[in-house]
Amino acid sequence: MLTVRFRRSTLGRMRLSPKLGSMAREWTGIQQFPLATQTKLLELLGKLKEKERDSLTILVMGKGGVGKSSTVNSILGERAVAVSAFQSDVPRPVMVSRERSGFTLNIIDTPGIVEGGYVNDQALDLIKRFLLNKTIDVLLYVDRLDAYRVDNLDRQIVKAITESFGKEMWHKGVVVLTHAQLTPPDCLSYDEFFARRSEALLKVVNSGVRFKKREIKGHSIPVVLVENSSRCNKNDSDEKILPNGTAWIPSIVETITKVATNESKSILVDQKLIDGPNANDRGKLFIPLILAFQYFFVVKRVQNWIADDIKKEPKSPWE
């Protein structure tokens, strides 16, 4: 009897995650935040519910060792994903679901998609299979603020994500820069250093996605800062703050909320999206034009030549 009561009690605290078929635990981690952070988070969840949203699914991607799993834990306020100093990433994708007041938050943590200085196709395929038939509302593309340079590898990563899930995924994208509690080099102010780092990375993202100028203006990708360290500074309300004074957990959740409710549609990762365009379908739209061109400029011309030759031929005496 004790076993039955325990199971009933456990199921009573769990809800089925909408559209994803997984069990969502009650979001108790939110109670670990300072009161000011809790108030802001609940306010943002309320805004989502006002827009008739009862769930939100966030996909976290990027290189290994940049703080993806730690960011997931920070947002949830609990150690939902294992983080180890000796293992830079989760070995496979994992989805954490939490429910609060009828709203379900799903966060999908993924392994790094870079190995040996190249995009890891196996890791990418593993992620794609895991995401099959799931709908993504927000993409968090994670990198480090203290990685001072961008290079061709960054462009390759963005290109790989785009080829796997389509450029529309970036309309739901947020760039997250971790390790944000730093002292900028070269006598730059914190905000100036952040602006330069953001500009350089966004330039690579826009280039890798191949956004047109009008698309960049219409769907600018926001950039947010994160500091997951326990040594992060705090304000008078006991909230974790960045060197510029921003309480970063409410800030990132507010940005996620804005992106989730923007005009772009959420991305359903179906088999067609994963497979990409069928090579056999390429150019089918041009077949009628090619046939018309061949008829009027080749076949018709040859027919006219034959007709002219027949006219020019000398007639036989009996004709």
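**Entry 1**
I looked up Lys-40 and found it partly exposed, with a relative accessible area of 22%. (Buried means under 20% relative accessible area, exposed over 50%, and partly exposed in between, using a 1.4 Å probe and protein chains only.) I noted that this is a predicted model, where local features need pLDDT of at least 70, side-chain atom pairs count only at pLDDT 80 or more, and totals for chains, interfaces and linings use all residues. Residues are numbered from 1 along each chain as its sequence is written, and side-chain values use heavy atoms, with hydrogens and water left out.

Which residue forms a salt bridge with Lys-40? I found Glu-43, with the closest N and O atoms 3.8 Å apart. (A salt bridge is a side-chain nitrogen of Lys or Arg within 4 Å of a carboxyl oxygen of Asp or Glu.) Both residues lie in helix H2 (residues 35-50), three residues apart, about one turn of the helix. (Helices, H or I with at least four residues, and strands, E with at least two, are DSSP runs numbered from the N terminus.) Glu-43 is partly exposed too, at 39%.

**Entry 2: Asp-137 and Arg-53**
Next I checked Asp-137, which forms a salt bridge with Arg-53 at 3.0 Å between the closest N and O atoms. Asp-137 sits in the loop between strands S8 and S9 and Arg-53 in the loop between H2 and strand S3, so the pair ties together parts 84 residues apart in sequence. Asp-137 is buried, at 6%.

**Entry 3: Arg-197 and Asp-143**
Here I found a salt bridge of 3.6 Å, N to O. The pair links helix H6 to strand S9, 54 residues apart. Arg-197 is buried at 4%, and Asp-143 is buried at 2%. Salt bridges that share partners join Lys-63, Asp-143, Asp-154 and Arg-197 into one network.
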